[in-house]
Amino acid sequence: MADSFIITGQYVRIDQTPASIGARILARFIDLLLIIIYICAAITVVASLLEHLDFYSDNFFTAVFVIILLPVFFYTLLWETFNQGQTPGKKLLGTRVVMKNGSVPTLRAYLLRWLLMLVDFYMFYFIGVLAILLTRNHQRVGDLAAGTIVIKEKNYHKINVTLDEFYHLSADYHPVFPQAENLSLEQTGLITQTLFRYDAQRPQRIRELGDKVRKFLHINPQVHDEALLQTLVRDFQYYAMEEI
């Protein structure tokens, strides 16, 4: 299976292997199985409660019905939004939803994927399966609209550096921090992942990583943490190019 890759703004290549159609179907099957188990358990609990009630109205039945179905209706949206792109089925199959640039999807992207499930699952999943088979990155209609890809988790943010990615830096770029030459490829990859992971904890992670990098490289100038990390990635690439 061909890998999908993107070049980030810092000219770092992120390789991503799209999940196979078999893995996606099996993950969906697991999720449907969990939904069925939930519905059966909920009905059993409600039936048990009704045995102890002397009177209940049609409104009561309607309210119970809605309460049971709401988690089912929003199952995919809630799991992917609050579990970083993974439903339980995706978790078990080692797949994850990411943006095409490798970052964590936005709420808008998750919402688009969820809304277009109505299209993808039309005629017993025919439209979705057809789209996955015909697109390069195995994207269903919801993925195409949201700009997302379902990838193998083991390939998530795997960093590789190639000669072509340094072309933009080799002509007139001048490094700011000579200490960047002491960074390893893995450390630079960690910095890049931190910069491109957008969630509520991002500012704290960048601040903590900025402090650690300053101590490790003995950098004294008081530069903003995010600007420091971005500059170090560029400087590292410059020195790596010098060694090629």
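Trainee: How much space lies in the largest pocket?
Mentor: About 360 Å³ of space lies in the largest pocket, where a pocket is an open set of points on a 1 Å grid over the protein atoms alone, reached by a 1.4 Å probe and having protein on both sides within 12 Å along at least five of seven lines. The volume is the space filled by probe spheres set on the points, which are joined across faces, edges and corners. Keep in mind that this is a predicted model, in which local features need pLDDT of at least 70 and side-chain atom pairs count only at pLDDT 80 or more, while totals for chains, interfaces and linings use all residues. Residues are numbered from 1 along each chain as its sequence is written, and side-chain values use heavy atoms, with hydrogens and water left out.

Trainee: Which residues lie nearest the centre of the largest pocket?
Mentor: Those are Arg24, Ile25, Arg28, Phe121 and Tyr125, out of a lining of 22 residues, a lining residue being one with an atom within 4 Å of a point.

Trainee: And which element gives the most to that lining?
Mentor: H1 does, with seven residues. Two or more residues come from each of helix H1 (21-50), helix H3 (75-82), helix H6 (117-120) and helix H7 (122-134), with helices taken as DSSP runs of H or I of at least four residues, numbered from the N terminus.

Trainee: How does the lining of the largest pocket divide by class?
Mentor: The lining has ten nonpolar, four polar and eight charged residues, where Ala, Val, Leu, Ile, Met, Phe, Trp, Tyr, Cys and Pro count as nonpolar, Asp, Glu, Lys and Arg as charged, and the others, Gly among them, as polar.

Trainee: OK, what volume has the second largest pocket?
Mentor: The second largest pocket has about 280 Å³, and among the 13 residues that line it, Arg28, Val72, Phe73, Trp114 and Met117 are the closest to its centre. H1 supplies the largest share of this lining, three residues, and the classes are eleven nonpolar, one polar and one charged.

Trainee: Switching to packing, at what angle do H1 and H2 pack?
Mentor: The angle is about 155°, with the axes 10 Å apart, the axes being lines fitted to C-alpha atoms over the stretch in contact and the angles running from 0 to 180 degrees between N-to-C directions. H1 is therefore roughly antiparallel to H2, a label for angles over 145 degrees.

Trainee: What classes of residue make that contact?
Mentor: The contact of H1 with H2 has 13 nonpolar residues, no polar and no charged ones. Among them are Ile35, Tyr38 and Ile39 of H1, and Phe60, Phe61 and Val64 of H2, with contact meaning heavy atoms within 4.5 Å.

Trainee: Is the crossing of H3 and H5 left-handed or right-handed?
Mentor: H3 and H5 cross in a right-handed way, that is, with the near helix turned clockwise from the far one by less than a right angle. Their contact includes Thr76, Leu77 and Glu80 of H3 as well as Tyr110, Arg113 and Trp114 of H5, and its residues divide into five nonpolar, two polar and two charged.

Trainee: And what about the crossing of H10 and H11?
Mentor: That crossing is left-handed, the near helix being turned anticlockwise. The axes of H10 (residues 185-195) and H11 (residues 202-217) come within 10 Å and cross at roughly 155°, which means that H10 is roughly antiparallel to H11.

Trainee: Which residues meet there?
Mentor: Gln187, Leu190, Ile191, Thr194 and Leu195 in H10 meet Arg202, Arg205, Ile206, Leu209, Val213 and Phe216 in H11.

Key: Parallel < 35°, antiparallel > 145°, perpendicular 65-115°, else oblique.
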